[in-house]
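These are my notes from a first reading of the structure, kept in the order in which I looked things up. I began with the open spaces and then turned to the helices and the backbone.

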Amino acid sequence: MAASRDYYLALCGRPVHFEKANPVNCVFFDEANKQVFAVRSGGATGVVVKGLEDKNPISFRMEDKGEVKCIKFSLGNKILAVQRTSKSVDFLNFIPDNPQIEYTQECKTKNANILGFCWTSSTEIVFITDQGIEFYQVLPEKRSLKLLKNQNINVNWYMYCPESSVILLSTTVLGNVLQPFHFKGGTMSKLVKFEIELPAAPKSSKLSLSERDIAMATIYGQLYVLFLRHHSRTSNSTGAEVVLYHLPREGLCKKTHILKLNRTGKFALNVVDNLVVVHHQDTETSMIFDIRLKGEFDGTVTLHQLVLPARSIQPYQIPVAGPASVTSPSPVPCKLYSSSWIVFQPDIIISASEGYLWNLQVILEPVVNLLPDKGKLMDFLLQRKECKMVILSVCSQMLSEPDRGTLAVIATVFDKLNNEYKKYLEAEQSYTMVIETGQSKSNPPPKRPVRTQAVIDQFDMYTHVLSVFTETKEASNKFIIAVLMEYVRSLNLFQIAVQHYLYELVIKTLVQHNLFYMLHQFLQYHVLSDSKPLACLLLSLESIYPPAHQLSLDMLKRLSTANDEIVEVLLSKQQVLAALRFIRGIGGHDSVSARKFLDAAKQTEDEMLFYTIFRFFEQRNQRLRGSPHFTPGEHCE
C-alpha cells in the first residue's frame, strides 16, 4: 500500500447519499443539474432528488404510469420531464401556485424512437430520436411545447456536454462520424461534423464506436471530444491511448493530443482541474495527464506520457448508520474501482450499488514528492486552482535542508512565478487603461482580469518565504544573499518594480551578517534601486556603519525629488553650512525657511556660525525686497 502522502486523487468528503438501486428503486443521474433521482415504484411511492450543491433534497410523488426510462429537471428545477415510452415525454410544473397537472409531447418524426432528452435552459429541451433531434420551447403556463427547430439524421447514440451546451450525435453505420450541435438562447447551430479514426479497418459493417469510449469535456476553456482507443493504429505501440479532438465553435474539429496509457483493459475517464484522469480497473489505479505540459510533437499531434506514477484513489471509508443508542460501528472501506461505478463528466463518480455520488478531487501536496524536477513541478502546479500555498511551501522547501536546490533551480522557479505575475500585472494595466480612457463606452466593458492563485506576488514571497528564510540558522550568509538577489534579478528580468520592503530585507540581512563591503558595492553599482525609504533606512545605519550617511545623501541627490529630505538630514547632523551650500547649489535658497537654519545653527552653540547664517538670510531678504514679486513676511519667518 502506498504511503498516504502518495495519494493525489480523493473522493470528496461530503458525498451525496441516496437509496441504492434495487428491484423497486431505480436510480438516474442528470448531468446538467448534477442531480441523482431515486425513483421508487415508478414514482408512486416517492421520488427523491439530491445534488452536490443542493442543501435540501426535493421529494415528491408521481402517478405510476409505467417504467421510467429517463427523468430530469429543467435548469432551476421548475419543470420536470419524464420519459416513460419511446414516443413521448411527460412534463410536470413545479411552479408555486401552479396546478401539478401533467402534459405530454410526442416526437414529431413518424416512426421515430426517442433515445433521450436534454434540457439546455430553464424552458428549452431537446429530444434526441433515432432519426434526428427536435428542439422545443416549453410553455409551462400553457402546459404545451413549441417546436423551434428540428433536424433529420440517423442517430446511433448521443452525448451532451452541459458546460458548453453541445450535443454530439453518433451517425453512419459504423457510428464513428460525429455530428455536434450547439444550443444558446433559443437557437440551434449545426457545427462541422468530423470522423473518429478507428484503430483498424472494421471487418463488418456494424457499429464500431461505442459511447462508452467517448467523453466530452472542457479542458483549459476549450471543448474536447476524448476517444478511448483500446488498440493503437500503429503495430509497434503497446496499450491503449486517449485521443483528444479539439471541437471549436467555428471551423474544423482537429485531432490535437494523444495520451499514451501503455496498458490494456477497462478504463474510465474524468476531467478534474483541467487534468485528464484515466481510471484503470484491472490495476485499481488512476493516471493523470496535463495537455498544457510539454509533450512530444510528431508533426500533427502532441503525444503525452502520464505526469505522475499511477496511483490508487485515496482509500475511502463509508460511515455505517446505526441507532443512536448503540455505539456507532466502525466505517466500512469503500470498494474502489468497483464494476458498479459509473463515471460522468467532468468529475462525477457514482456507485449505484452503495448509493453514493462523489466529486473526484486532486490533492496537490503529494505531487510535490512525486515530481522531483522543480521546473516541471512549477509548470504543473501553476495550472491548478488551489495552488498558492503549495507553491509557497515548495519555495520554502527548496531553500532549506535537506531539499535545498541549486541556485540555477531556484532561479528557474522564481522566473516561472514572475512570468505569471507579470502576465497578471499587464492584464490589470491594460484593463485600467481601457477604463480610464473611456474606450469601453462604445464596446461591451472589458472583464477585469481574474487574479488566480497562480499569481504569487512580492508580498506573498516576502511574507511566506523570504523573510522566514533570512532568519534561518542553517544556511550560509552567502547563500541567503544569493537567493534574495536572485529573486530581485528575476523581478528585474520581467520589468516588475521591486518593492522597497524587499530591498530593506536585503540591507537588513547584509547588516545582520556584517557584510558592509557587499552593501557598499550593491549601492555603488545600483544593484539596489534608489528610493526615499531606502535612503532613510541607510541613515538609520550610520551608528553601526558611518559611510551609510554619505551613501544615503548620494541616493537622495540621485533621486532629484528629495531636496527637502537632504536639507533635513544635513540640519539634523548640524551640518548647517553643508545644507546651505546644497540649497545654493540647486538654486533653492530663495524659497527656503530661514528659521529652520537659524534653529539648527543655534543648537551648535557656535556664535560665529549663527551670525554667518543670520547675515546670509538677512542679505537674501534685502535682495528679495527689491524684487517686484516680493510679498512681505513670505521669507522672513
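Before sorting any lining by class, I noted that Ala, Val, Leu, Ile, Met, Phe, Trp, Tyr, Cys and Pro count as nonpolar, Asp, Glu, Lys and Arg as charged, and the others, Gly among them, as polar. I also kept in mind that this is a predicted model, in which local features need pLDDT of at least 70 and side-chain atom pairs count only at pLDDT 80 or more, while totals for chains, interfaces and linings use all residues. Residues are numbered from 1 along each chain as its sequence is written, and side-chain values use heavy atoms, with hydrogens and water left out.

**Pockets**

I looked up the pockets, a pocket being an open set of points on a 1 Å grid over the protein atoms alone, where a 1.4 Å probe fits and protein lies on both sides within 12 Å along at least five of seven lines; lining residues have an atom within 4 Å of a point. The largest pocket holds about 1,400 Å³ of space, a volume being the space filled by probe spheres set on the points, with grid points joined across faces, edges and corners. I found 42 residues in its lining, and Glu211, Arg212, Ile342, Val343 and Phe344 are the ones nearest the centre. By class, the lining of the largest pocket has 24 nonpolar, nine polar and nine charged residues.

For the elements I used DSSP runs numbered from the N terminus, with helices (H or I) of at least four residues and strands (E) of at least two. Strands that each supply at least two residues to the lining of the largest pocket include β3 (25-30), β11 (114-119), β20 (214-219), β24 (267-272) and β31 (341-344).

The second largest pocket has about 960 Å³ of space. I counted 36 residues lining the second largest pocket, with Asp273, Asn274, Gln383, Arg384 and Lys385 closest to its centre. Two or more lining residues come from each of β20, β24, β33 (356-362) and α4 (407-437), and α4 gives the most, with four residues. The lining of the second largest pocket divides into 18 nonpolar, eight polar and ten charged residues.

**Helix pairs**

Which helix packs against α13 (residues 594-603) at an angle of about 170°? I found that it is α14 (residues 607-625), with the axes 8 Å apart; axes are lines fitted to C-alpha atoms, for helices over the stretch in contact, and angles run from 0 to 180 degrees between N-to-C directions. Angles over 145 degrees count as roughly antiparallel, and α13 and α14 are therefore roughly antiparallel to each other. Their contact (heavy atoms within 4.5 Å) brings Ala594, Phe597, Leu598, Ala601 and Lys602 of α13 against Leu609, Phe610, Ile613, Phe614, Phe617 and Arg620 of α14. I sorted the residues of this contact into nine nonpolar, no polar and two charged.

Next I looked at α5 (residues 458-469) and α6 (residues 477-493), which pack at an angle of about 170° with their axes 11 Å apart, and α5 and α6 are therefore roughly antiparallel to each other. In this pair, Gln458, Met461, Leu466 and Phe469 of α5 meet Phe479, Ile480, Val483, Leu484, Tyr487 and Leu491 of α6. The contact of α5 with α6 has nine nonpolar residues, one polar and no charged.

I then returned to α4, which packs against α6 at an angle of about 35°, with the axes 9 Å apart.

**Backbone**

I noted a cis peptide bond joining Gln345 and Pro346, with omega about 0°, and Pro346 lies in the loop between β31 and β32 (348-351). The peptide bond from Glu401 to Pro402 is also cis, with omega near 0°, and I placed Pro402 in the loop between α3 (388-398) and α4. Asn77, a residue other than glycine, has a positive phi, near 65°, and lies in the loop between β7 and β8 (79-83).

Terms used
Parallel < 35°, antiparallel > 145°, perpendicular 65-115°, else oblique.
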